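Hello,

Here is the structure I said I would pass on. My notes on it follow below.

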Amino acid sequence: MLKEYELGTIYKGKLETGDDLLEKLTEIVKEKEITAGKVIALGAVKEAIISFYDQDKQEYEAEKLDESLEIVSLTGNISLKDGAPIIHAHIALGDEDGQLYGGHLEKGTTVFACEFIIEEYEGEAFTRGLDQQTGLPLWVK
Amino acid sequence: MLKEYELGTIYKGKLETGDDLLEKLTEIVKEKEITAGKVIALGAVKEAIISFYDQDKQEYEAEKLDESLEIVSLTGNISLKDGAPIIHAHIALGDEDGQLYGGHLEKGTTVFACEFIIEEYEGEAFTRGLDQQTGLPLWVK
Amino acid sequence: MLKEYELGTIYKGKLETGDDLLEKLTEIVKEKEITAGKVIALGAVKEAIISFYDQDKQEYEAEKLDESLEIVSLTGNISLKDGAPIIHAHIALGDEDGQLYGGHLEKGTTVFACEFIIEEYEGEAFTRGLDQQTGLPLWVK
């Protein structure tokens with residue numbers, strides 16, 4: 001399953017202290033009506049919620065990281081789910097000793113400072129739906 | 001050593017459960033005849049093989065990670081080696097505790113789910129050859 | 001705070017063994033007069049200096065990693081500070097056991113081998129200035 005795109009507008013910006021990282025990025029993507037594209041970011045958070053997908057139980061296990069952390073990498077893509085733009089992002093976070101933690105980015109991750117880049121792709125959007133084999137909301141069309 | 005490019009087609013897609021992560025991405029790049037560009041991905045694997053380059057011994061030491069892991073980041077570039085497109089990619093993988101592991105992505109890394117973006121660059125491709133100083137297959141022209 | 005850009009020239013290249021990772025990338029960005037854009041890289045370093053921002057004390061705490069490490073990810077953006085292009089980059093580094101460390105990339109990180117991609121963005125540059133709330137040099141206009 002492969003689709004072809006051309007680059008549209010590139011958006012660069014910053015979030016504010018206290019913003020919910022995933023919710024705020026999603027809000028921007030919805031406002032700009034971006035249905036395909038890529039998101040990257042760096043910065044720091046005051047606390048984070050990441051999750052790991054248990055491939056046997058087929059469920060996400062969330063973990064709260066209750067400390068200040070650097071956003072060392074954030075890689076996300078944009079597609080549609082239930083008719084609305086959705087960001088699927090994974091994040092790597094560094095603690096004061098430089099130790100890294102990471103996984104699937106969940107709501108509840110609070111921005112300290114964040115600089116992001118959103119690249120809009122022009123072309124037919126992917127749509128998420130339940131994938132029977134993995135139990136995940138993957139691209140079904 | 002610096003070359004200039006313009007963006008060509010952007011490819012977005014998913015891999016299937018059981019695919020070899022590096023081999024399948026390489027297959028797509030070869031099919032699309034992409035000789036320069038960038039690859040990113042997120043998702044999860046069933047097991048992984050990563051390696052670390054011993055700078056003194058000048059050899060890669062491979063390590064097998066025999067568990068389910070999130071693909072927290074994958075950064076790769078595309079160039080030519082022995083006349084064929086090759087992907088050089090580094091990967092960060094997260095375990096169920098959110099602990100991260102990573103290094104040079106090797107064949108033998110099995111996809112559970114993977115969403116990728118390949119950006120094709122238009123311009124003169126780099127070609128890999130043995131770099132005497134490092135012992136690595138770097139860009140020699 | 002959000003600005004819109006179009007993609008300009010893409011630069012792909014490699015650094016030399018012994019280069020200072022951050023200084024050399026910054027030198028290239030200055031030579032090419034890039035005031036907005038993105039930087040990614042992979043490769044390996046002989047030693048690294050990363051830092052963590054203490055959000056309470058509002059100061060960076062640097063940490064020296066005195067060993068060979070893979071560059072597992074490097075995410076950076078380009079803007080202006082005091083009239084000159086500046087790269088803000090975060091890095092993830094992997095040791096011989098595949099364990100990852102990371103944070104804010106500092107000068108003093110010595111390249112073993114490095115392949116980078118710089119994407120120039122065309123549009124109004126962001127300018128860094130002191131942000132009172134965080135104590136960080138964030139984008140103020």
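**One residue, then two interfaces**

A:L105 sits in strand β6 of chain A, which covers residues 100–105. Please keep in mind that this is a predicted model.

I began with the surroundings of that residue. The relative accessibility of A:L105 is 3%, so the residue counts as buried, the cut-off for buried being under 20%. Once neighbours within four places in sequence are set aside, the residues in contact with A:L105 are A:L21, A:L22, A:I49, A:L74, A:A89, A:H90 and A:I91. For one of these, A:I49, there is also a distance: the C-alpha atoms of A:L105 and A:I49 are 6.6 Å apart, with a separation of 56 residues in sequence.

**Chain A with chain B**

The contact between these two chains involves 40 residues of chain A and 37 residues of chain B. Together they bury about 3200 Å², and carbon and sulfur atoms account for 59% of that area.

One of the salt bridges joins the side chains of A:K38 and B:E119, with an N to O distance of 2.6 Å. Residue pairs in polar contact between chain A and chain B number 13, counting pairs with both residues at pLDDT 80 or more. On chain A, the elements that contribute two or more residues to the side touching chain B are β1 (2–15), β2 (37–54), β4 (69–81), β5 (84–94), β6, β7 (110–122) and β9 (137–139). Strand β6, the one that holds A:L105, is therefore in that list by the residues it gives to this side. Sorted by class, this side of chain A consists of 19 nonpolar, 14 polar and seven charged residues.

There is strand pairing between the two chains as well. β1(A) pairs with strand β1 of chain B (residues 2–15) in the antiparallel sense, over four bridges. Within that strand of chain B, B:I10 is the bridge partner of A:Y5.

**Chain A with chain C**

Here the contact takes 37 residues from chain A and 40 residues from chain C. The buried area is about 3200 Å², with 58% of it from carbon and sulfur atoms. Within chain A, the residues that lose the most area to chain C are A:K12, A:K14 and A:E115, which together make up 23% of what that side buries.

Three salt bridges are found across the interface of chain A and chain C. Among them is the one between the side chains of A:E119 and C:K38, at 2.6 Å from N to O. The number of residue pairs in polar contact across the interface of chain A and chain C is 14, again with both residues at pLDDT 80 or more. The elements of chain A that give two or more residues to the side touching chain C are β1, β2, β4 and β7. β2(A) supplies the largest share of that side, eight residues. By class, the side of chain A that touches chain C has 17 nonpolar, nine polar and 11 charged residues.

As for pairing, β1(A) and strand β1 of chain C (residues 2–15) run in the antiparallel sense over four bridges. One bridge pair there is A:G13 with C:L2.

Regards

Methods:
Residues numbered from 1 in each chain as written. Chains lettered and ligands numbered in written order. Predicted model: local features only at pLDDT ≥ 70, side-chain atom pairs only at ≥ 80, totals over all residues. Heavy atoms only, no water. Buried < 20%, exposed > 50% of the residue type's maximum accessible area, 1.4 Å probe, protein only. Contact = heavy atoms within 4.5 Å. Buried area = accessible area lost by both parts, 1.4 Å probe. Salt bridge = Lys/Arg side-chain N within 4 Å of Asp/Glu carboxyl O. Polar contact = N/O pair within 3.5 Å; in protein donor to acceptor, adjacent residues only side chain to side chain. Nonpolar A, V, L, I, M, F, W, Y, C, P; charged D, E, K, R; others polar. Pairing = 2+ DSSP bridges.
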